[in-house]
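The structure is shown first.

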Amino acid sequence: MLRRMNHRASTLLVLLALGAAGCAAEDPSAHPPVCTGDSGCAAGLVCSFRFCTADEPGSLPLRGRILPPAARDLLQQQVPELAIDPLAGNTITLRRPVVLTGTVRNEGDTFASNLPGELEARTAGEIPGLDYRFTARSLDGLDAQGHGFTLRLLEGRTYKVTFRPDTPGTPPHSFILDAQDVVDGRYDITLPARADYVSFQRFVRLGSADPLPVPGARVVVELPDGRALPEVTTDAEKGSFDVTLPPGTDEVRVRIEAPQAGPLFPDFQSEWLETAPEDGVTAITIPALPPGLEEFEAALRVVAPGADGELAPVSGLSLSMFGNLEGGSLRRSATTDADGVARFTALPGAYEVLVSVPPGLDAGARVARLNLAASSGSGAAPTTVALERRALLGGVVRDASHRPVQAGTVIATLRPDKRPGDTLVVSTAPFQGVIDSQGGFALEVDPGTYDVRVVPDPYTGAPTVRLAGVVVSGPTALPVDLPAPSLAHLQVVGPDGTTIPDAIVELYLGGVEGPDDASGPPPLLVKGTTGPGGTVDLLVPYAP
């Protein structure tokens, strides 16, 4: 069994020694980080709002997002450019939302007062990669005021609105809400008449000579415009599925994945199928497996170094398999048992095997590439997948005066490393560790490239920083020398000028894209929550 993280003492001491190299010890109380006057701050810093900070904002580009508490009936808002003033502070005034009320009904339906489901409105935000997304429930009927839904939006924007009915098999309905229509008042949503929707029911069969029903298969129906309807599953008795298509849909394409328990076949994609075929055929027939390609029970045994350094089985790990097979692809999943063995039905071929390991364990996740055949199935010894120890990432965090930062958190987020031809990729939750009283930190992480966020506790007076592209291939020393702090003293107020406590304030680095996707959100730098007076103090790096 894997051990919970137990830092290897010798390696840790080496890393911490590297982090401390060249730094003389200094009395941590020489310059108290929480100040009452400039005399309590190091040279070049001034006391502002009880923090020692640079006396000017510097050039660090910042963007802000404000998430007000739900009880205030206000909406998240973004600030595309935040020029902080460390001496005077900044006030952010939230805008009053527009309130739309109305009903959702099918055209011509005089019986249903309102259709239940979810409304989602999306529009681009001021911060690239962070869309605004506002939602509301549409009730099964009307409330006491005669409304089927209440949707709050920001004015002056055009939204794509999607209604997702609660009724299974009913397609979503989307429309554009122009900016000039985003005004307080009534807005009723009319769906197509029920009779105009297209019913599409089919039976899934395997083999042509003596076809067998396929229960539990996962089915995705693709529309001519490229949209895909939500996944459905064939029923347990007849192997059939039934979906409702948008009005006017004449043809669709169907993707079918084999069930986890039942007949096995590579992923199947049909030709374009008429929704009302003239020959009346309502079966989708998946070709039988070719001769020599037969399913078998595969067994994989996952092992990792134990406390004594010897390989030992690991239980409770999730495995995802993707097979590149002769007739197409095949996805399987399994979990290792008490003996570290995961069993699943498979077809012969080449597989990628992703072994997922959560943070906090000694061994790391990995993707293995294996050829599985019937000889590796039932009765044969399981194929072994060996995990390696995670690498140690550690160092000492020091402030601008070279004093150890005595408390805080270090968060390391792995950048996905998907190479050409890869389908599965290691993607773990961020690794997180504490900064101790000597400024030291140590994380055991998977090999790879990380974005590391160093978040000192506010009382230390040190700023949060983000270190991009930290490569870890073995024990890695990461000494962190923090710059001088600048202070974002922010107050959040409502449209009427009243202060808003318990609002979450997030600051993002401007001019920096996500690590792999230019359309993704920019990197989060720091966040905090406003206090009783609606204020929050966030320490950020000072950049001249």
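The text below goes through some of the salt bridges and the accessibility of their residues.

The model is a predicted one. Across the whole structure, a search finds 24 salt bridges.

| Pair | Closest N and O atoms |
|---|---|
| Asp-73 and Arg-152 | 3.8 Å |
| Glu-126 and Arg-157 | 2.4 Å |
| Arg-343 and Glu-297 | 3.8 Å |

The salt bridge between Asp-73 and Arg-152 links distant parts of the chain, 79 residues apart. Asp-73 sits in the loop between strand S3 (62–67) and strand S4 (77–79), while Arg-152 belongs to strand S10 (residues 149–153). Asp-73 is partly exposed, with 42% relative accessibility. Arg-152 is also partly exposed, and its relative accessible area is 28%.

Glu-126 forms a salt bridge with Arg-157, and 31 residues separate the two in the chain. Glu-126 lies in the loop between strand S8 (117–123) and strand S9 (132–138), and Arg-157 in the loop between S10 and strand S11 (159–165). Glu-126 has a relative accessible area of 26% and is partly exposed. Arg-157 has a relative accessible area of 14%, so Arg-157 counts as buried.

Arg-343 forms a salt bridge with Glu-297, and this pair joins two strands: Arg-343 is in strand S28 (residues 341–346) and Glu-297 in strand S24 (residues 296–305), 46 residues apart. Arg-343 is partly exposed at 47% relative accessibility, and Glu-297 is partly exposed at 34%.

Salt bridges also link Glu-118, Glu-120, Arg-122, Asp-131, Arg-133 and Arg-164 in a network.

Note on methods:
Residues are numbered from 1 along each chain as its sequence is written. This is a predicted model: local features need pLDDT of at least 70, side-chain atom pairs count only at pLDDT 80 or more; totals for chains, interfaces and linings use all residues. Side-chain values use heavy atoms; hydrogens and water are left out. A salt bridge is a side-chain nitrogen of Lys or Arg within 4 Å of a carboxyl oxygen of Asp or Glu. Helices (H or I, at least four residues) and strands (E, at least two) are DSSP runs, numbered from the N terminus. Buried means under 20% relative accessible area, exposed over 50%, partly exposed in between (1.4 Å probe, protein chains only).
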